[in-house]
Amino acid sequence: MDSWVRFNAQSQAKERVFRAAQYACALLGSTLQNDEAAEIRRTVSQLEAHMSLTRKLLRLGNSVEALEAAKRAIHLSDSVLRLCLTISHLNRAMYFACDNVLWAGKTGLISKLDQHKWSQRSFRYYLFALILNLTRDAYELHLLMEREARSTTSKQPSSPSIPLPPDHLPSSSSPATQAMGFGWLYRQLHLVGTVLYSNPPLLLDLVKNSCDVFIPLDRLGIYPTGPGFVGACGLASSVLSILTMVHPWLKLKP
């Protein structure tokens, strides 16, 4: 109950709930394709538009928060994390700024605003921020995999290796070489699974960013996937975001 009280007190948490509802409407609307459900589809579409506008209202001023996050990230000791997180937060700040302008245009505060242009601009900033977040996730995964591999190697007893003569070395197309390749791939996949299983924050962040990246890719026309798939991805990432707010230990740091 205390977790829910803390969650409900955050405006960002409420925005996540509206986001989940918005993409749930998008997913539901994609399933209502028959003529009998045309009226329901219109109602769901209007509800989705209202949810989107409400979210834009709740995100007013988030650019300042993103800039403050960029100021904190620039002091990180790890150069890769510093670069990825700082530029990601700066892109999020630009995304929120464009989104605020778009909200003003939709509400009539700014007349004759080219909403399509500003929407495309905001999604470009959003896409670049997500790419940097995924790069950060891949970097964190790489570091943890190296640490896990060293830990596993140090626990195994060392055995002397006997070098093979050149004429006994397997060729690149031999079954032995192919088996070695499959063995290496299996070990790498097992290592990835072990690392992600033991690090839930990294796993959730990786899945969330992977789901989110399809949204701007679809809206920008780079990789169209359709409203149903976008709705499912948005709903999944929203639920994961809510989960990290209810249980802060699941949020990837820094």
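Tyr95 is buried, at a relative accessible area of 11% (buried means under 20%, exposed over 50%, partly exposed in between, with a 1.4 Å probe and protein chains only). Keep in mind that this is a predicted model, where local features need pLDDT of at least 70 and side-chain atom pairs count only at pLDDT 80 or more, while totals for chains, interfaces and linings use all residues. Residues are numbered from 1 along each chain as its sequence is written, and side-chain values use heavy atoms, with hydrogens and water left out.

A search of the whole structure turns up 4 aromatic pairs. Rings of Phe, Tyr and Trp (its six-membered ring) pair if their centres lie within 6.5 Å; planes under 30 degrees apart are stacked, over 60 edge-to-face, and the rest tilted. Tyr95 and Tyr126 are stacked, because their ring centres sit 4.9 Å apart with the planes at 20°. This pair links distant parts of the chain, with Tyr95 in helix H5 (residues 79–106) and Tyr126 in helix H6 (residues 115–155), 31 residues apart. Helices here are DSSP runs (H or I, at least four residues), numbered from the N terminus.

Asn91 belongs to helix H5 and is buried at 9% relative accessibility. Its C-alpha atom is 6.8 Å from that of Tyr126, 35 residues away along the chain. Setting aside neighbours within four places in sequence, Asn91 is in contact (heavy atoms within 4.5 Å) with Tyr125, Phe128, Ala129 and Leu132.

## An edge-to-face pair

Over in another part of the chain, Phe214 and Phe229 pair edge-to-face, 5.2 Å centre to centre and with 90° between the planes. Phe214 is in helix H8 (residues 200–219) and Phe229 in helix H9 (residues 227–246), 15 residues apart.

## What lines the second largest pocket

H6 turns up again here: H6 and helix H7 (175–198) each supply at least two residues of the lining of the second largest pocket. H7 gives the most, with 6 residues. Of the 11 lining residues, the closest to the pocket centre are Ala149, Thr152, Arg187, His190 and Leu191.

Key. On a 1 Å grid over the protein atoms alone, a cavity is a set of points where a 1.4 Å probe fits but cannot get out, and a pocket is an open set with protein on both sides within 12 Å along at least five of seven lines; lining residues have an atom within 4 Å of a point.
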